[in-house]
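This report describes how the parts of one protein chain are arranged and held against one another. Please consult the sequence and the structure shown below while reading.

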Amino acid sequence: MKEQPLIDSPLQPKTYRDRLLVIILLAIPAVIDNFFQTLLGFVDTYFVSQISLAAVSAVGITNAILAVYFALFMAIGVAANVRIANFLGANQPEKARHISQQSIILAVLFGLLTGLATLVFAEPLLRLMGIEEEVLELGALYFRIVGIPSVVMSLMFVMSAILRGAGDTKTPMKISIVINVLNAILDYVLIFGFLFIPELGIAGAAMATVISRLIGSIALIYYVNKEKALAFRRDYWHLAKDHLLELSTLGAPAAGERLVMRAGQIVYFGFVVALGTNAFAAHQIAGNVEVFSYMIGYGFATAATILVGQQVGAGNLDEAKKYAKLSTQFTVVCMTLLGAILFFFGEWAASFFTEDPEVISDIGVALKISGIFQPFLAVLMVLTGAFQGANNTKFPMYLTAFGMWAIRTLLVYLLGIQLGWGLAGVWIAIGIDIAFRAVVLVIQFERGKWMALEKAPDPESLCDPQTTKENLSRNSNNY
């Protein structure tokens with residue numbers, strides 16, 4: 001007789017209300033987590049803006065490059081998240097434990113490699129953005145301090161994803177709250193100086209970020225090991241080629257999607273830089289305000305990935321679709337309301353960062369445009385999470401590549417530069433890309449083309465703690 005899955009009755013509801021409750025219970029901690037992660041960027045930008053607009057641009061351009069690193073780390077995390085959810089849904093805890101530890105090994109490896117790349121290529125990478133010398137000097141300093149210890153970023157991404165894959169969204173939330181409060185305190189102390197601590201400026205902002213992430217990584221290691229289904233086993237730290245191949249295969253499309261996105265961002269960021277330092281600073285500040293609306297989308301996308309992944313692993317495909325649809329609908333309502341706030345209060349938020357009336361006006365225009373496109377962003381974020389949970393990451397990767405290069409980057413150049421619409425043209429181009437990809441995902445979802453069922457794990461066949469090469473070839477999903 002088939003064993004009951006580890007996921008019990010709360011994750012097997014029958015009514016609309018029960019499903020919505022499960023989605024909200026999983027999403028709210030992830031929303032709060034993302035709120036505090038967003039707050040980290042907001043606080044950093046606020047304090048750095050007190051130094052100079054050049055410092056804001058330096059941090060923004062550096063973060064655009066660091067986003068390429070994040071793409072790699074997030075890909076490992078997404079692969080681990082989906083596979084752990086699949087295995088636990090299929091009642092295979094040892095497989096979940098083993099894949100968890102192998103993903104940590106990959107996180108350390110990629111963290112060390114990106115840290116070495118920062119050490120050697122920090123200034124050349126920044127010069128590719130075409131920034132001014134004043135911004136380059138500040139950016140190189142910030143980049144080296146934050147980027148060389150990339151392993152702490154990698155571990156935070158991956159271990160948070162491991163816990164979420166096991167259905168624990170509360171622990172990453174709690175740790176995020178603690179380290180973001182710590183980061184805010186350290187920002188103030190290290191940027192402006194306090195008592196015997198000298199004023200360190202932009203270097204202080206970077207150091208505050210690294211110290212906070214280091215503490216967060218240590219805490220996450222502790223809690224992953226404390227999780228009963230994921231507690232570390234010494235023999236699972238040995239390199240397992242099968243699992244490393246599986247994670248690489250699962251993560252490759254996710255990495256491809258994010259790398260395509262980040263590469264496109266670097267290109268169109270170069271177009272924004274061409275509009276001037278103040279225009280880029282306005283773009284960066286607008287992005288840090290707008291990203292508060294993302295916290296809802298990311299939270300419910302996380303819930304969709306977990307729930308769809310668990311239901312696919314358990315073989316409940318109809319339930320997986322209901323979760324995906326309900327998560328999307330609820331998020332559209334929430335982000336539409338947030339879009340209205342951005343539309344009407346954007347300039348007021350901008351006044352916290354600068355007193356320059358031209359910059360404030362540019363920020364206000366950008367946020368009005370962003371507010372209009374928030375419902376499409378909600379659909380894009382949550383359905384992407386649902387596709388990932390259903391083991392289908394190749395289609396989002398292809399769609400992102402087309403949207404970023406054939407629509408967003410091209411339109412940023414045409415509208416922002418050629419037609420002279422400036423920052424307004426940049427944000428209209430971004431919105432058109434988001435709307436296009438959201439509509440395409442909805443069409444694929446309604447056509448039933450969103451699951452990669454032939455590559456989902458088979459609950460009956462995955463009964464051995466070690467995955468054979470044959471099973472890998474047959475069962476690896478597209479993530």
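Leaving aside neighbours within four places in sequence, Thr328 is in contact with Val379, Val382 and Leu383. In this predicted model, Thr328 lies in helix α10. Its relative accessibility is 10%, and Thr328 therefore counts as buried, the limit being under 20%. Thr328 can also be placed relative to Gly297: the two residues are 31 apart in sequence, and their C-alpha atoms are 9.0 Å apart in space.

**Overall composition**

The protein contains 15 helices and zero strands. Of its 479 residues, 58% are buried. Among contacts between residues at least 6 apart in sequence, 84% join residues that are at least 24 apart.

**Packing of helices**

Two packed helices are described by the angle between their axes and the distance between the axes.

| Helix pair | Angle between axes | Distance between axes |
|---|---|---|
| α5 (residues 150-165) and α7 (residues 202-226) | about 35° | 9 Å |
| α9 (residues 277-314) and α11 (residues 357-372) | about 45° | 9 Å |
| α9 and α14 (residues 422-446) | about 40° | 11 Å |

Helix α5 passes α7 in a left-handed crossing. On the α5 side, the contact is formed by Val152, Met153, Leu155, Met156, Met159, Ser160, Ile162 and Leu163. On the α7 side, the residues are Arg213, Leu214, Gly216, Ser217, Leu220, Ile221, Tyr223 and Val224. The residues of this contact between α5 and α7 comprise 12 nonpolar, three polar and one charged.

Helix α9 takes part in the other two pairs of the table. With α11, the angle is about 45°. This angle makes α9 oblique to α11. The crossing of α9 and α11 is right-handed. Asn278, Ala282, Ile285, Ala286, Val289 and Glu290 of α9 meet Val359, Asp362, Ile363, Ala366, Leu367 and Ser370 of α11.

With α14, the angle of α9 is about 40°. Helices α9 and α14 are therefore oblique to each other. Their crossing is right-handed. From α9, the contact draws on Ala279, Ala282, His283, Ala286, Gly287 and Glu290, while α14 contributes Leu423, Val426, Trp427 and Ile430. The residues of the contact of α9 with α14 divide into seven nonpolar, two polar and one charged.

Ala282, Ala286 and Glu290 of α9 are listed in the contact with α11 and also in the contact with α14.

**Salt bridges**

Side chains of opposite charge can pair when their charged atoms come close. Seven salt bridges are present in the structure.

One of them joins the side chains of Glu319 and Arg19, with a distance of 2.8 Å from N to O. Glu319 belongs to helix α10 (residues 317-350) and Arg19 to helix α1 (residues 16-49), so the pair ties together parts that lie 300 residues apart in sequence. Both Glu319 and Arg19 are buried. Helix α10 is also the helix in which Thr328 lies.

A second salt bridge is formed by the side chains of Glu94 and Arg233, at 3.0 Å from N to O. This pair likewise links distant parts of the chain: Glu94 is in helix α3 (residues 93-127), Arg233 is in the loop between α7 and α8 (241-274), and the two are 139 residues apart. Glu94 counts as partly exposed because its relative accessibility is 23%. Arg233 has a relative accessible area of 32% and is therefore partly exposed.

Arg233 also forms a salt bridge with Asp235, the side chains meeting at 2.7 Å from N to O. With a relative accessible area of 38%, Asp235 is partly exposed. Through salt bridges that share partners, Glu94, Arg97, Arg233 and Asp235 are joined into one network.

Note on methods
Residues are numbered from 1 along each chain as its sequence is written. This is a predicted model: local features need pLDDT of at least 70, side-chain atom pairs count only at pLDDT 80 or more; totals for chains, interfaces and linings use all residues. Side-chain values use heavy atoms; hydrogens and water are left out. Axes are lines fitted to C-alpha atoms, for helices over the stretch in contact, and angles run from 0 to 180 degrees between N-to-C directions. Helices (H or I, at least four residues) and strands (E, at least two) are DSSP runs, numbered from the N terminus. A crossing is left-handed if the near helix is turned anticlockwise from the far one by less than a right angle, and right-handed if clockwise. Contact means heavy atoms within 4.5 Å. Ala, Val, Leu, Ile, Met, Phe, Trp, Tyr, Cys and Pro count as nonpolar, Asp, Glu, Lys and Arg as charged, and the others, Gly among them, as polar. Angles under 35 degrees count as roughly parallel, over 145 as roughly antiparallel, 65 to 115 as roughly perpendicular and the rest as oblique. A salt bridge is a side-chain nitrogen of Lys or Arg within 4 Å of a carboxyl oxygen of Asp or Glu. Buried means under 20% relative accessible area, exposed over 50%, partly exposed in between (1.4 Å probe, protein chains only).
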